[in-house]
Protein chains: 2
Amino acid sequence: MIKAGSRIRPQEMGVLAGVGLTSCPVVQKPRIGIISTGDEIVEPGRVPGPGQVRDINSYAVAGMVEEAGGQAVQYGIVQDEFAQLERVMKQAVEETDIVVVSGGSSVGARDVTYAVINSLGKPGVLVHGVSVKPGKPTILGVVGGKAVIGLPGHPASAMVLADIFLVPLIKAYSGLGFTPPDRRIIRAVMSRSMASASGRTDYIRVAVRRTGDRYIAEPVLGKSGLISTMVRADGVVVIPMAKEGLEAGEEVEVILF
Amino acid sequence: MIKAGSRIRPQEMGVLAGVGLTSCPVVQKPRIGIISTGDEIVEPGRVPGPGQVRDINSYAVAGMVEEAGGQAVQYGIVQDEFAQLERVMKQAVEETDIVVVSGGSSVGARDVTYAVINSLGKPGVLVHGVSVKPGKPTILGVVGGKAVIGLPGHPASAMVLADIFLVPLIKAYSGLGFTPPDRRIIRAVMSRSMASASGRTDYIRVAVRRTGDRYIAEPVLGKSGLISTMVRADGVVVIPMAKEGLEAGEEVEVILF
């Protein structure tokens, strides 16, 4: 009647009611531990001093987690210091199913995250750096059977990378496959050409508008540190590593946020 | 920074955190009162006697309401009897923003719903019957400034009509416009031809599968009373009133559920 692994949509609720099933077992929502690192990061409720910025990633990532069907567990802001980060990450790995550490954007901060993941257990860090723009400084690891993801500190990069690595993991932990049709993918036409450096996969943020019966994808330009580029964007267009760019008028697939 | 009327997505949460706004005013979720009518309808927890069926629509419609961003308020099952339905609908109109009454499928039951809506206040019933298949026996009315929708009793019809009239109303009450891109619309190719009687708008339930870079829409055949047709379907294809049908291989827009 309803296949195992299906999402309970309104019609499945109707079917269950129709056959008298007033309750049914479901997969528990995975718990995602979220940690922000960086000596310069302060809570949103505080006024940042010179050189400080408010924590954006904890909240943007938590929103993505909830939207993807996970349960966000916030572990707050941790300084770029080995012992402190190790203590908080150890707790997060014990208490949740997937741990996400974002930032700091400095090389030193990334080194601390890298070292802590390796110190917590085997196999530790599996991937350090991905050929994706924006988002190169990404870490993928496994500690005690739990997935650990180190996201870049720049908010827009962090969101693009969370969409690539974290969201599919949450769906998989929720018992959901990638069921077609994927309502996040629409076909659109590029409003302008975009160059892309070869040797990496480029994620171009785009705003989408509908004209007649087709969609136009307009690149949103701006630094990956600017969360405002994500507010203006409706999704991303992927330029594969081997492709040198996109032509104006070219048909593309947009992955909607 | 964020336009009024925008949905707070993960990136908007990030922006708010970044500027130190730890709370912000939002539009309250509209409350949708849900009533099932019909002498033959019983609660899902009960074993139906001869000629009885369990209440499907209250639960399928509640699921649609929550998914669309509304808050479902259940008023349960009411017999096809004027005084009883009037009492419950009066309470629902007072307590909620939009009232939805589904079924009974019999002509007599529809007459009771019609009469009660007209008795509760001006202007009462505005539309009685729509040129849509499935879903002809639909009532649209306004009582005391509140929208009242009478949905057909057949579950699949009720869901298709709720998607046409109720979901857009919930979005409007939530302060959201129809912002492009509409992620519910994908382009697909019909797997087979479908005839359509002229003089009404046909909503063809379809299952969608992806092959290569395009989607194939396969009609799901079955009576509008069968909620199982909705479980197998991923969305609907609309055949406009003036069009006599769809050809196999024709490109169509699928509105995903």
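Here are some questions and answers about this predicted model, covering the contact between its chains and the strands within them.

Me: Nice. How are H1(A) and H2(B) oriented to each other, roughly parallel or roughly antiparallel?
Reply: The axes of H1(A) and H2(B) are 7 Å apart, and the two helices pack at an angle of about 155°. Angles over 145 degrees count as roughly antiparallel. H1(A) and H2(B) are therefore roughly antiparallel.

Me: Is their crossing left-handed or right-handed, and which residues of H2(B) make the contact?
Reply: The crossing of H1(A) and H2(B) is right-handed. From H1(A), the contact uses Pro10(A), Gln11(A), Met13(A), Gly14(A) and Ala17(A). From H2(B), the residues are Tyr59(B), Ala60(B), Gly63(B), Met64(B) and Glu67(B).

Me: Turning to the sheet in chain B, which strands stand at its edges?
Reply: This open sheet of six strands, with mixed pairing, has the order E4-E1-E5-E9-E8-E6 in chain B. Each edge strand has a single partner strand, so one side of each is left without a neighbour in the sheet. The edge strands are E4 (71–78) and E6 (123–128) of chain B.

Me: Which residue of E4(B) is the bridge partner of Gly33(B)?
Reply: E1(B), residues 31–37, pairs with E4(B) in the parallel sense over six bridges. Within E4(B), the bridge partner of Gly33(B) is Val73(B).

Me: At what angle does H2(B) run to E1(B)?
Reply: H2(B) lies across several strands of chain B, namely E1, E4, E5 (98–102) and E9 (146–151). To E1(B), it runs at about 165°.

Me: Last one, over in chain A: how many residues of strand E1 are buried?
Reply: E1(A) is joined by six bridges to the parallel strand E4(A), and it pairs with E5(A), also in the parallel sense, over five bridges. In E5(A), Ser102(A) stands opposite Ser36(A). E1(A) is mostly covered, and of its seven residues the number buried is six.

Terms used. Residues numbered from 1 in each chain as written. Chains lettered and ligands numbered in written order. Predicted model: local features only at pLDDT ≥ 70, side-chain atom pairs only at ≥ 80, totals over all residues. Buried ≥ 20, exposed ≤ 12 C-beta atoms within 10 Å, placed from the backbone. Helix = DSSP H or I, 4+ residues; strand = E, 2+ residues; numbered from the N terminus. Pairing = 2+ DSSP bridges. Axes fitted to C-alpha atoms, helices over the stretch in contact; angles between N-to-C directions. Parallel < 35°, antiparallel > 145°, perpendicular 65-115°, else oblique. Left-handed = near helix turned anticlockwise from the far one by under 90°. Contact = placed C-beta atoms within 7 Å.
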